[in-house]
Amino acid sequence: MNDIIQLSETVANQISAGEVIERPASIVKELVENAIDADSENITVKIEDGGKEKIQVIDDGIGIKPEQVKLAFSRYATSKIEDADDLFSLSTLGFRGEALASISSISKIEVITRHKDEMKGKKMVIKGGEIKENTTIGAPVGTNITVTDIFFNTPARYKYMKTTRTEFRHISNILNKEVISFPNINFKFFHDGKNLLDTPGNGKVKDTIYSVFGKEMTDNLLYINHEEQFVKIEGYIAHPSYNRSSRIHQYFYANGRSVESNLLAKALERGYKGYLDKGKNPIGFIFITLNPILVDVNVHPTKRRVKFSRYQTIMEVLENAVKSKLNSINTVKNINFTGNKNNQKGKQQSFQYDSDNKTINQSKNKQKNQQQPEKSSLFKENRSNKGYNNQNQRTVIKNYNNKRDEIDLDVEFDFKITKIFGQLYNTYIIIESEEGLYLVDQHNGHEKIIYNELLDKYNNDKDIKTQSLLTPVNIELSNTEMDIIMENQSTFENLGIHFEQFGPKSIIVNAIPIYLKDKNQKSVVRDIIDEIVKQNKNVEKSKLIEEALKYVACRSAVKAGEQLTNDQITYIVNNLFKLENYDRCPHGRPILLILSKEEIDKEIGR
Ligand code: ADP
Ligand code: MG
């Protein structure tokens, strides 16, 4: 080993740049935060080639004094704190004094800045930590920083940069987060010369959200404002009917700083408990205000994560804030368990998708059932003999205790079904076989059947039958979503969803697959988009399609809590057990619970 030496400032900066500057989006974040800290009213961000080629941030803030520009680029140089105690009364986003030093050590950076009290501005160019130019020039008050040659001297990082689209998305996401928490500032964002974002800067959070996500989002937002103990929660949550299948639209801010936190996400979800279907995620823009002494912002160089003291209380207050709002707006709780009318409708829809395939079998059953009285003899027997079924319709076991031949099971399974009793809790189908008692989860089972059918259809014709919509559906998208959607347009077409881009922030869906015909088209298509956006990390097309089909199957299947007709029960039993792996739904959840006759006998002691 060599002797110990003190690393040069440039090398030290390069090393710390590794922590602060992970990708072009980190540069955007740091520069934008500096512009915000400088009391700017207007901030323009221009990037080229997903930020890999060029990043420029222009602000009209207070600027940097000419004699301090050089200092601003050295490590641990900051105007924002003086000692460590200041960290606990922080009113700025920056405080570590290392962003400019880091960026200038791994790229070429040009700054033109004029301080508000000065007549002249300063231009300085630094590449790889070396000053290339340092002149006095005329400039408007504010700061204009351009970064090029990103990672030119750190090949590992350079190679690590992803496609233009991916880097663009990271930048777009970061900007969305920042702009929402600074509604007083007008932000403009350009990618390769195209204006993608222009916030109103009128101080209104909701108007700012509108400029990022569009009308549909803002139409569905509920204002929350709740103070409890030492925590104040303000912001917007979405009406439960407007939700996402991923957590992508959950924005949390602690004292104005955008933060990532699984715990806060969990608290938000708890607030929605009972209001959202399984697998659905709430949307929220949550601003938490609390004594800065309770928030440690200095846990990571990127400042994305913070540490709260008394996390538990903060989570409880957030949960309460959400709960009390939702309770007050009088939405129907437990959407899964809606009244009978809705169920009836849902039932018909759920079974319509395959009407072409299974009609023969089903209509045969229908006729048979129509001829039968509503309550079978066995049902009556149960009531009179055992006395455990009262008049209450809800708890009555339905009339489904026929013999195997009578219920028209048309396939040989690997076990022999002797009776189908009907539903348990409107959620499970009870079956007796020679081996034992089977409980089939009706939702998971039906989902499995639909999924296999869709997959078969897809594999066979590589094409799913579509129908044009009389009234095309308009769907609003954020910049990030739009980018992913356009990239995967052919995947959508394979899935039977045809659309065109309509303006910078929306698409018009003009054809959908037949199997979605009677569903709430907009929300299903929206959900498939979400699913594809969520899955986008593994962009392999077949995987995307598989996930989307799983999703569709889940959406089309009967729900837990839904009362089924005999036809539907027969249909599920008939079709489920001929599948391979009938005991697992496409998402891997169990479908079947088996209590063997042996076990029953043993437990009872027979
Ligand atoms: P930090 O933001 O943590 O203080 P930076 O390296 O990002 O560290 O910036 C160093 C200093 O340069 C800041 O403290 C600030 O005084 C000055 N500065 C950077 N960007 C701007 C800007 N856009 N407008 C005015 N001053 C700026
Ligand atoms: Mg900074």
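This report describes strands, nonpolar cores, a surface patch and salt bridges in a predicted model.

Local features are given only where pLDDT is at least 70, and side-chain atom pairs count only at pLDDT 80 or more, whereas totals for chains, interfaces and linings use all residues. Residues are numbered from 1 along each chain as its sequence is written, and side-chain values rest on heavy atoms, with hydrogens and water left out.

Helices (H or I, at least four residues) and strands (E, at least two) are DSSP runs numbered from the N terminus. A residue is called buried under 20% relative accessible area, exposed over 50%, and partly exposed in between, using a 1.4 Å probe and protein chains only. Strand β7 covers residues 186-191, and five of its six residues are buried, so the strand is largely enclosed by the rest of the structure. Two strands are taken to pair if DSSP finds at least two bridges between them. Strand β1 (residues 42-48) runs parallel to β7 and is joined to it by six bridges; here T44 stands opposite K188. Strand β8 (residues 194-198) pairs with β7 in the antiparallel sense over four bridges, and F189 has L197 in β8 as its bridge partner. Two residues lie between the strands of the β7 and β8 hairpin, in which D192 takes a positive phi near 45 degrees.

**Nonpolar cores and a surface patch**

A nonpolar core is a set of buried Ala, Val, Leu, Ile, Met, Phe, Trp, Tyr and Cys residues joined through side-chain atoms within 4.5 Å. The largest such core has 91 residues, and I180 and F285 have the most contacts inside it. Helix α10 (residues 311-328) supplies the largest share of this core, eight residues. Contact means heavy atoms within 4.5 Å. Not counting residues up to four places away in sequence, I180 touches V205, T208, I209, V212, F213, Y251, Y253, F285 and F287. A second, separate core has 32 residues, including I485, L495, V509 and I512.

On the surface, I5, L7, V11 and I15 form a nonpolar patch with about 390 Å² of accessible area together. Patch residues have over 30% relative accessible area and no salt bridge; like charges are joined within 9 Å, and nonpolar side chains (Val, Leu, Ile, Met, Phe, Trp, Tyr) within 5 Å. Accessible areas come from the Shrake-Rupley method with a 1.4 Å probe, and for residues only the protein chains shown count as cover. I15, which lies in helix α1 (residues 9-20), is exposed at a relative accessible area of 52%.

**Salt bridges**

A salt bridge is a side-chain nitrogen of Lys or Arg within 4 Å of a carboxyl oxygen of Asp or Glu.

| Pair | N to O distance |
|---|---|
| R169 and E487 | 2.5 Å |
| K215 and D219 | 2.8 Å |
| E447 and R589 | 3.2 Å |

The side chains of R169 and E487 meet in a salt bridge. This pair links distant parts of the chain, 318 residues apart, with R169 in helix α6 (residues 164-181) and E487 in helix α15 (residues 479-487). R169 is buried at 9% relative accessibility, whereas E487 is partly exposed at 36%.

K215 and D219 are four residues apart in helix α8 (residues 215-219), so about one helical turn separates them. K215 is partly exposed, at 44%, and D219 is exposed, at 52%.

The side chains of E447 and R589 also form a salt bridge. E447 is buried, with a relative accessible area of 0%, and R589 is partly exposed at 29%. Salt bridges that share partners join R165, R169, D483 and E487 into one network.

Technical notes:
Chains lettered and ligands numbered in written order.
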